[in-house]
Amino acid sequence: MTRKLFVKTYGCQMNVYDSARMADVLAPLGYGPAERAEDADMVILNTCHIREKASEKVFSELGRLKRLKTARDDGMIIAVAGCVAQAEGEEILRRAPFVDIVLGPQTYHRLPEMVAQASRAGGSVLDTDFPAEPKFDHLPDARADGPAAFLSVQEGCDKFCTFCVVPYTRGAEYSRPRAAILDEARRLVDQGVVEITLLGQNVNGWHGDQGGLAHLIRGLAGIDGLERIRYTTSHPMDMDEALIAVHAEVDKLMPFLHLPVQSGSDRILAAMNRRHDRDDYLRLAERLKAVRPDLALSSDFIVGFPGETDADFADTLALVREVGFVQTYSFKYSARPGTPAAAMPDQVPEPVKEARLAALQALLQAQTETFNRACVGRTMPVLLDRPGRHAGQMLGRSPYMQPVHVDAAAHLAGKVVRLTVTAVHPNSLAAVPAAEGSPR
Ligand code: 5AD
Ligand code: SF4
């Protein structure tokens with residue numbers, strides 16, 4: 001019997017990876033992909049708890065699913081996974097008793113048992129353990145879906161930034177063994193994958209028996225057929241000398257790094273428990289660009305952290321001007337239950353947060369546009385991973401994650417080709433195949 005599974009993913013790339021792995025776990029039970037919840041026998045919401053807005057979406061989506069389930073009356077299974085499930089599992093079952101399964105990010109290898117139990121018992125199943133056995137030891141092989149793949153290498157966080165729920169929802173830092181990672185990478189490459197993004201909440205905190213992430217990246221670079229390597233998300237304090245050096249030495253490592261700074265104010269960085277100051281970050285950015293001059297940085301920012309003054313915010317703007325970022329994510333501070341910052345005095349009023357966010361985003365947007373315009377005339381390797389909007393067009397990603405479209409024959413799908421950028425559009429770059437012998 002074939003059954004249909006619909007997974008809706010919220011939040012970060014780790015959730016995208018986890019969603020794919022949940023589908024892998026359920027495939028042996030006969031579940032194939034559905035396009036919409038309406039067509040599915042089982043729906044999984046893979047949720048995000050990072051900000052209040054993200055969490056709220058779950059309950060409104062559950063309201064919609066409840067109507068669907070009631071209307072259909074054929075035993076549709078509804079599961080809530082991810083970080084909201086981990087943090088608010090009991091609350092979900094209280095507010096939405098029609099939910100069949102609630103599972104945290106560390107237990108989805110047990111999904112087959114949970115499905116069996118939910119079908120049998122009729123009641124709800126709640127599993128938000130942090131099991132001693134790592135889920136990775138119990139997952140089937142990852143199936144590739146296109147030429148670019150995520151590979152989870154590290155999970156959890158021991159940093160305890162005072163605003164962040166991750167240490168509570170994802171648990172303590174855990175590094176997968178190097179051999180298992182290299183195996184998964186080889187299997188992905190055998191399926192046609194040419195680009196792998198290593199994932200972890202603190203990916204550069206990854207460590208194996210013989211070294212840190214630098215050692216792992218060198219190992220991956222040795223895999224024939226793997227052409228591009230990325231890693232995300234990194235903490236500034238875990239950018240060690242060896243990792244900086246890898247950016248100079250390993251060609252396959254893309255010259256693009258997501259290195260969140262959050263704030264440019266020393267006072268706020270300290271209150272955030274970021275463990276580095278403004279100057280540490282500036283020097284780190286300099287060192288990275290010194291070893292890899294074409295490296296571009298991306299970052300996350302929070303405005304309106306408790307106690308943030310106009311002067312603190314001005315420090316953030318000044319840092320942005322000094323470093324120069326090509327792609328960024330910026331957020332209004334959102335108080336999360338149970339985190340130290342939620343209980344801090346001097347919470348910043350909403351209108352102030354809004355004004356600061358607008359000012360910051362205007363500056364960041366201008367930097368992104370300047371960078372995009374400077375790409376015109378440059379020739380870069382682009383991984384063509386999707387058909388474009390128009391017939392005969394392909395869409396790809398530059399080393400800097402810019403979407404690039406080009407008129408290309410479909411046989412180039414899944415390949416890295418050298419393109420020369422010809423124009424900047426609002427959400428993409430236009431390019432043409434590079435002339436023979438043009439420089440990189
Ligand atoms: N409020 C706003 N933004 C947050 N982030 C994490 N926690 C919060 C919060 N409580 C942001 C950080 C982090 C990104 C993934 O989300 O910038 O790097
Ligand atoms: Fe959250 Fe800080 Fe850990 Fe990142 S490093 S996951 S922001 S606690």
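Visitor: What makes Cys-375 buried or exposed?

Guide: First, the ground rules. This is a predicted model, in which local features need pLDDT of at least 70, side-chain atom pairs count only at pLDDT 80 or more, and totals for chains, interfaces and linings use all residues. Residues are numbered from 1 along each chain as its sequence is written, chains are lettered from A and ligands numbered from 1 in the order in which they are written, and side-chain values use heavy atoms, with hydrogens and water left out. Now Cys-375: its relative accessible area is 0%. Buried means under 20%, exposed over 50%, partly exposed in between, with a 1.4 Å probe and protein chains only. So Cys-375 is buried.

Visitor: Why is Cys-48 called buried?

Guide: Its relative accessible area is 11%. That is under 20%, so the label buried applies.

Visitor: Why does Glu-241 count as exposed?

Guide: Glu-241 has 52% relative accessibility. Glu-241 lies in helix H8, residues 241-249. Helices here are DSSP runs (H or I, at least four residues), numbered from the N terminus. The C-alpha atoms of Glu-241 and Leu-29 are separated by 46 Å.

Visitor: What describes the packing of H2 and H3?

Guide: An angle of about 35°, with the axes 12 Å apart. Axes are lines fitted to C-alpha atoms over the stretch in contact, and angles run from 0 to 180 degrees between N-to-C directions. H2 spans residues 52-72 and H3 residues 82-95.

Visitor: What makes residues of H2 and H3 meet?

Guide: Contact means heavy atoms within 4.5 Å. By that test Ser-55, Val-58, Phe-59 and Leu-62 in H2 meet Val-84, Glu-88, Ile-92 and Arg-95 in H3. The contact has 5 nonpolar, 1 polar and 2 charged residues. Ala, Val, Leu, Ile, Met, Phe, Trp, Tyr, Cys and Pro count as nonpolar, Asp, Glu, Lys and Arg as charged, and the others, Gly among them, as polar.

Visitor: Which residues surround ligand 2?

Guide: Among them are Cys-157, Cys-161, Cys-164, His-235 and Arg-274. Near means a heavy atom within 4 Å. The shell divides into 7 nonpolar, 2 polar and 2 charged residues.

Conventions:
Helices (H or I, at least four residues) and strands (E, at least two) are DSSP runs, numbered from the N terminus.
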